[in-house]
2 protein chains.
Amino acid sequence: MSQDFFERHQAVLEQAQRAAAERGYWSPHAESPSPRNYGETAAADGQAAFEALRGKPFPLDLPLADGSVGGEVSPFGFALDITYPRVRPDALIQAGTRALEKWRRAGPRAWVGVSLEILHRVNRRSFEIAHAVQHTTGQGFMMAFQAGGPHAQDRGLEAVTYAWQEMSRVPGSVIWEKPQGKNDPIRMEKRFTITPRGIALVIGCSTFPTWNGYPGLFASLATGNVVIVKPHPGAILPLAITVQVAREVLAEAGFDPDVVQLAAHEAGDDTAQDLALRPEVKIIDFTGSTANGDWLEANARQALVYTEKAGVNQVIIDSAPDLKGVARNLAFSLALYSGQMCTAPQNIYVPRDGIRTAEGQASFDDVAAALGTALEKLLGDPAKAVEVTGAVQSEATAARIEKARALGLPIVADSRELQHPQFAQARVRTPLVLRADAGNDALRQEWFGPIAFVVATDSTEHSVELARESVRQHGALTLAAYTTDDDVAARVQDAAEVAGVSLSLNLTGAVFVNQTAAFSDFHGTGANPAANAALSDAAFVANRFRVVQTRWHV
Amino acid sequence: MSQDFFERHQAVLEQAQRAAAERGYWSPHAESPSPRNYGETAAADGQAAFEALRGKPFPLDLPLADGSVGGEVSPFGFALDITYPRVRPDALIQAGTRALEKWRRAGPRAWVGVSLEILHRVNRRSFEIAHAVQHTTGQGFMMAFQAGGPHAQDRGLEAVTYAWQEMSRVPGSVIWEKPQGKNDPIRMEKRFTITPRGIALVIGCSTFPTWNGYPGLFASLATGNVVIVKPHPGAILPLAITVQVAREVLAEAGFDPDVVQLAAHEAGDDTAQDLALRPEVKIIDFTGSTANGDWLEANARQALVYTEKAGVNQVIIDSAPDLKGVARNLAFSLALYSGQMCTAPQNIYVPRDGIRTAEGQASFDDVAAALGTALEKLLGDPAKAVEVTGAVQSEATAARIEKARALGLPIVADSRELQHPQFAQARVRTPLVLRADAGNDALRQEWFGPIAFVVATDSTEHSVELARESVRQHGALTLAAYTTDDDVAARVQDAAEVAGVSLSLNLTGAVFVNQTAAFSDFHGTGANPAANAALSDAAFVANRFRVVQTRWHV
């Protein structure tokens, strides 16, 4: 049965392997929610499916559950009133250990086949998942659909692709024949078995539960590990649907559904820490705060720990033909999902003497004003603005805007509360952009949310140095630069390579620094404090399994 | 210049990549010291070169040296009287950081070309290195030549091969073109740059300084890192020669020789710990005790730490057509280099009711006696015996034999001191083999050196269970089993896969459980406490470099 799944998706897997090698554009998951891609009734069906889940226990059969938890509230202003079965860590470990017994012996084709079938079925529930993502994370619907659906599925498939690539490089068995001069050669048969690490734990975040959760989930599952998915208590539903699909597929393939379990839990309890320290847990994928990520790295010593933590993303503006184009692009990057993307820019360095443009020198204030104007234009109409900003996921992020305002720095663009035309209670905020001098301590931390700084530097050289050292010390997932000067571009690129951060040059069109495309852009480098791994590369998957060999004479 | 090196060795690299994928027999480094392979004068020249090094400062130009260290004593009973320049950790880090500046920008072809040229020149010095290995580790000459020379070079080449494979999978630059329906596609150029981690530290051991040192050294160097080689104070010379060769090649290629530095130091000082905790040190490869390896894993948190530590290797005897063949093979494995190989067997499980053989049931005592007899025959003639046993590297290992004897267990074969015909003061010991019951606590630790136990178990099932649990708890690099029963073989293989240890079945000929062949056998699995990595696989190299991308519209 599971072999069938592999065969069913083998053509896609082969395309995916080529795509990962070539790193051009490729995706098998349509990013447009058009009926042409998903069917005439998909949008309505997905919404209905989401509505049908509200106010009820989520239909997930976890036999060892001893209670229920829930309490998600949409950032758009209503409670979901969904409860989930709660399984205690002891029971999760017990069930996972039992499920591992058969799963570990199934081998790469079965692991990969099941993984690909799960992704395929998840794709068909993209609309339902989009609503689930929207009403847990606060993303606008279009982003919730794309980033929570097809783009997340792309990242999941990418992880499976790398896993298959690494596993399939090891031959199943070989004849080893060593010449012995005039004597007969020594002949041995050697069998190489791919074995999983054991139980993998995926710790989800509240802003991109599927996009950040799928790479670790599918990398571990496709390499034969069993997986416990521990969602953020504020964003359980998207991962609960995913786990539901996974368990369906596993059961159909003849495996114990407990190969994939959900660990829904109360906010503020110690479920994550408890699970993370279990000796049976051999792999942890984490997205979240630096404090929690550092704690895992320091304490979960029995496990391989892959973390994505906080960072301070930066923009260097040196020169540009078209300042307005720069401002438009950056304004969108700042406003998109209210700056709650881990890739959103925060510190924008501009020489205090201004920059060169095609229309002559633009002063520092001109640059700041251009950004303010671009934000006003982008967000002037609340009905359109909310589609870009979405809602602010947590009250803590909204409160951070007040904290930033209290720094007392000059305001380039003030944050406003917007009235959502559909959801009266939605927590919507536009970006707060402040002016700061390069030495300001506030620049040396992440201000997660719609908060950014236009930073006056001594020169572009100074900007580059600040960016490089900030990446090294505080981490970053993105760096952007605007320059018309090839030498400056080369120096920025060198700084990016030394510090270990992805660089986007002169983005003024339809691509934004926040965005990465699976199979082409690496998300994170694993070379600075913001993340210890990249999505996805060989290093992300190759240690999740091991090879055990048996040899004998023939 | 460095490009020349790559081209010079490209054909070998391509063969090596095929070999690593196919995992059949392959080596470009002749393991026989025959004049046909190395030239008529190679043996004499190598010996003369070694003799010329004795009693002098070793010719290694380390500009920041502020003193000298030395004090190696051959286990064959004489002082080498060689001193080495001593460079303090501060100076090593300073020089390494400076050397990294140019090296990091040279790119994979240069890194790999230089690495391959170093290996090529090291190969030509195999005889000199053989004497250096013999008279630091105590290995017999033939093993010192093979394991210290060509086999170590194979493992180094294997690491370079995997490094090249992983790096060359990332395209240098691509055009990314995303369709936009009726509109023009979005086109971007993306450049992917391989960047090293920084400074790598290789911590050598006293028994296999080159064999265990080369994989980490070459994996790090070939991925653009600079390397500090810290030899064990008792086995500096083989790595000093290697570093000397590396610096010659680097200088010829136009790089700072400090890309590879030697950190010779006094026994008992804190050089290893000091270097291991430096923030600039991003990679550590370690071979040695569990205590030191665990300390590194717990404390060197800024670095990727690859460790090979202690383990308890095991043999399961269930049944055999020819008990004598089993005993002969095991006796050699126990005696070879006096059990000082990390792969040497220690606990040999035999059911207390005996085993089936072609000549009928053999009692437990028969099996033990056969092993004793085989050892007597193998080691009866001291002149031949010392070629197998070599000498005992340290006094601590020799003393461990007394400690084992003091356990008071029945003696299967007693350890003897042998007189070496050439080196009167050589520290030569034959194996001590004791009889123990399965529950004996002594079995739950490594007895490094010529010490083994024939262990009475309740049944083969019991033996398998003991082996599996011991691997899980105490680690192991090897497991061997003897059985004529396919079901038993399958159960042992399953136990090996669950516990994560390589298995050799029914070795009675010219292959010994101690031995692994590069490009075919993985050394270690990385799946049990004896080692957290395998030599070599993708996981061993893929995280030593990162990819930093730059993208822009075209």
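**The interface of chain A and chain B**

Twelve salt bridges are found across the interface of chain A and chain B in this predicted model. To view one of them, select the side chains of B:K190 and A:D521, which form a salt bridge with an N to O distance of 2.8 Å. Polar contacts may be displayed next: 40 residue pairs, both members at pLDDT 80 or more, are in polar contact between chain A and chain B.

Which strand of chain A gives the largest share of the side that touches chain B? Select residues 545-553 of chain A, strand β24, which supplies eight residues of that side. By class, the residues of chain A on this side comprise 32 nonpolar, 19 polar and 20 charged.

Now select the whole contact region. On the chain A side it holds 71 residues, in contact with 72 residues of chain B. The size of an interface is often expressed as the accessible area lost when the parts come together. Here the area buried between chain A and chain B is about 5600 Å², with carbon and sulfur atoms giving 49% of it. To finish, highlight A:Y25, A:R169 and A:R551: these are the residues of chain A that lose the most area to chain B, and together they account for 12% of what that side buries.

Key:
Residues numbered from 1 in each chain as written. Chains lettered and ligands numbered in written order. Predicted model: local features only at pLDDT ≥ 70, side-chain atom pairs only at ≥ 80, totals over all residues. Heavy atoms only, no water. Contact = heavy atoms within 4.5 Å. Buried area = accessible area lost by both parts, 1.4 Å probe. Salt bridge = Lys/Arg side-chain N within 4 Å of Asp/Glu carboxyl O. Polar contact = N/O pair within 3.5 Å; in protein donor to acceptor, adjacent residues only side chain to side chain. Helix = DSSP H or I, 4+ residues; strand = E, 2+ residues; numbered from the N terminus. Nonpolar A, V, L, I, M, F, W, Y, C, P; charged D, E, K, R; others polar.
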